[in-house]
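Hi,

Here is the structure I said I would pass on. Have a look at it first, and then read my notes below.

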Amino acid sequence: MKGSAQQGDSLKLASGALVLGGMMWGLYWIPVRYFVDQGLDGAWPGIVMYSVALLGLLPLLWRDRHDLARRWQDLMFSGMFTGAAFGLFTISLVYTDVVRAILLFYLTPVWGTILGRVFLGERLTRARVLGLISGLGGMAIVLGSGHGIPWPSNVGDWAALVSGMAWAVGTLGLYRSSGISVPGQVFAFITGALLLSLISLVFSAGGVQQQSAIVVGVLPIAMLSVLYTLPMIFLTIWPATLLTPARVGLLLMSEVVVGLISAAVFSGEPFGLREAAGAVLIVSAAVLEIARG
């Protein structure tokens, strides 16, 4: 009886932590855009924040170093995709509107349905078909401008789309590595994001020397960013080890709510009927997936 009560308290705590983590993700665009305003471009805002976050994480990894070394393959798979999702989402916030980045990332249920059908042979139920139609319809509205085919119009749109796909694949890796400590999973998550961002510099137009000089100038603020990014990631990863995927998906809707409201109020970017309609359809697709789970 006492154990059940303690477990219930833990689940409540995890649920509250996940809502808070989602809200922090909804405001994540603010530090990203701050670094952009200072002159950093492309993947550089992410590189700065990931590097500092890794330094802050190292003391927490020392105790689990032997287990992490033994399970490096699981960590690599998990980090490669979830980290890529993190890195691409950050890049999308640099190159496209905040609302578009958040909504296009949250097409994850659509990609999850397709992956489940193609690779796992999952049956397409009525709820899943409705979710697929709703999500793709929302994507068409968000990407549509009233002229021609609704297609990603810039690098940021593509990065947001692919980040959602990568997250859908990466969740499979999270299940495989569920026995690894939370700091270890966070390490894989951040490392994957950093590696992808560094690789993306090959395709970047900005000079490394110029961007490096700006990094030196923003370093004091970058060091402070760890106080935001690390708690945000821990508040996402730790609850996911205790709660069902359906509950995780529902509680993470706090990111969409906070992200859309904050972007509409503070970003100065357009948020009208078209964006609102797309948001309703994409969130509905996520809710249908949650109800099915």
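I'll start with the salt bridges: the count comes to 4, taking a salt bridge as a side-chain nitrogen of Lys or Arg within 4 Å of a carboxyl oxygen of Asp or Glu. Before the details, bear in mind that this is a predicted model, with local features needing pLDDT of at least 70 and side-chain atom pairs counting only at pLDDT 80 or more, while totals for chains, interfaces and linings use all residues. Residues are numbered from 1 along each chain as its sequence is written, and side-chain values use heavy atoms, with hydrogens and water left out.

One of the salt bridges joins glutamate 269 to arginine 33, with the closest N and O atoms 2.8 Å apart. That pair links distant parts of the chain, 236 residues apart: glutamate 269 sits in the loop between helix H13 (253–267) and helix H14 (273–292), and arginine 33 in helix H2 (residues 29–37). (Helices here are DSSP runs of H or I, at least four residues, numbered from the N terminus.) Glutamate 269 counts as buried at 16% relative accessibility, and arginine 33 is buried with a relative accessible area of 16%; buried means under 20% relative accessible area, exposed over 50% and partly exposed in between, using a 1.4 Å probe and protein chains only.

Another salt bridge is between arginine 100 and aspartate 157, at 2.5 Å from N to O. Arginine 100 lies in helix H6 and aspartate 157 in helix H9 (residues 155–176), so the pair ties together parts 57 residues apart in sequence. Both residues are buried. As for H6 (residues 98–105), 8 of its 8 residues are buried, so the helix is largely enclosed by the rest of the structure.

Now for some helix packing. The axes of H3 (residues 44–61) and H10 come within 10 Å and cross at roughly 155°; axes are lines fitted to C-alpha atoms, for helices over the stretch in contact, and angles run from 0 to 180 degrees between N-to-C directions. That makes H3 roughly antiparallel to H10, a label for angles over 145 degrees. Residues meeting there (contact means heavy atoms within 4.5 Å) include Tyr50 and Leu54 in H3 and Phe187 and Leu194 in H10.

H10 (residues 182–200) also packs against H11 (residues 208–240), at an angle of about 120° with the axes 10 Å apart. Among the residues making that contact are Phe189 of H10 and Trp238 of H11.

Cheers

Terms used. Helix = DSSP H or I, 4+ residues; strand = E, 2+ residues; numbered from the N terminus. Parallel < 35°, antiparallel > 145°, perpendicular 65-115°, else oblique.
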